[in-house]
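Here are my notes for you to read alongside the model. Have the sequence and the 3D view open, and take the points one at a time.

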Amino acid sequence: MGMVIYYGGFLSCSPVKVRTVKMVNSTEPTALRWKVLEQVDEELMKGDERAALSLIKELQGKPGGLCCFGTARQTDPPRLYTLDELKLNGIDASAILSPVDGTLGSIERYLQVAAVLGGVSAWALFGLTQQQILFISVGLLFLATLDSVTFSGGFSSLVIDTIGHAVSQKYRNRVVQHEAGHFLIAYLLGILPKGYTLTSLEALRKEGSLNVQAGTAFVDIEFREEVDSGKLSSKMLDRFACIALAGVATEYLLYGYSEGGLSDIYQLDSLLKGLGFTQKKADSQVRWAVLNTILLLRRHERVRSKVAEAMSSRKSVAFCIDTIENTINVDDL
């Protein structure tokens, strides 16, 4: 589980012809919006991210179009925020930025105990020799190492995540709320989500790789263009930081602490280090992003809940966007 933002591997994008939608006076503006959003879904399914983004921008700010995309009201630009300032806003940074997945951790421990008990039972039942037990242990260790090196632990994560979704309603709900937070914050900040998966098995079926985590992916054309030019703007960095922390911030608001999203925090930390941030400057950027994201999520709690409902039913990106536009109170933007 995590924010699969795919900001690595900056691929070049060639110009494409984009179908435009002429905005006309209509007595059914939401019908017009939905028609265009269906086209957005089609372009995303084809992998044409630039065309999908262009269609969204055609509707941005137009009557009967999209009033929420990229219009979120943010706090002051980043400065040296302290932990005390977060506390004044009712935010415990340690409960957000140090996630420990208790559910999956428990499942992993149970599996380890089951493996030991299974080994003892097999030894007693089949009368295995010490040499046979040694060979079996070495074989299992080799498979675990292969998974860790080749798939970055993808196979073991797949097994544990699948069990977690099967046995824990709380885990299933936490995952979908986490991803709804990513989706909503990205959309409000002007970054188009292009798809999402809620389980490792879904990610495997969709991407065909054990190395891909379940999570929300985004259209990152503008990010790649800035990176390719060698100039990552502070505005784009601020967006990325808020989106990265939206999942853990959502969990914090719902449960008082976060369990998932450690990879999101690592990803943001790696970006800041890559940009040459000192630890003090990086901490300040993260604290600002935490504050900004929490305030946005508090303001739009009902919207995030509706997006989570849509995602739990595996609705399309277009449906989730339409849900945001239909649910949000524009006065809160």
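1. First, a term: a residue is buried if its relative accessible area is under 20%, exposed if over 50%, and partly exposed in between (1.4 Å probe, protein chains only). Both F69 and Y187 count as buried; keep them in mind for point 5.

2. A word on where this comes from. This is a predicted model, where local features need pLDDT of at least 70 and side-chain atom pairs count only at pLDDT 80 or more, while totals for chains, interfaces and linings use all residues. Residues are numbered from 1 along each chain as its sequence is written, and side-chain values use heavy atoms, leaving out hydrogens and water.

3. Now the overall picture. The chain has 15 helices and three strands (DSSP runs numbered from the N terminus: H or I of at least four residues for helices, E of at least two for strands). Of its 333 residues, 44% are buried. Take the contacts (heavy atoms within 4.5 Å) between residues at least 6 apart in sequence: 78% of them join residues at least 24 apart.

4. Have a look at helix α8, residues 169-188. With 20 residues at 1.5 Å each, α8 should span 28 Å, and its end C-alpha atoms are 29 Å apart, which agrees (the expected span is 1.5 Å times one less than the number of residues). In α8, 16 of the 20 residues are buried, so the rest of the structure largely encloses this helix. After α8 comes G190, with a positive phi near 90°.

5. Back to F69 and Y187. Their ring centres are 5.2 Å apart and their planes are at 55°, so the pair is tilted (rings of Phe, Tyr and Trp, using its six-membered ring, pair if their centres lie within 6.5 Å; planes under 30 degrees apart are stacked, over 60 edge-to-face, the rest tilted).

6. What does L80 touch, leaving aside its neighbours within four places in sequence? L80 is in contact with E85, K280 and S284. This residue lies in the loop between α2 and α3 and is exposed, with a relative accessible area of 53%. From L80 to Q285 is 205 residues in sequence, but 7.8 Å in space, C-alpha to C-alpha.
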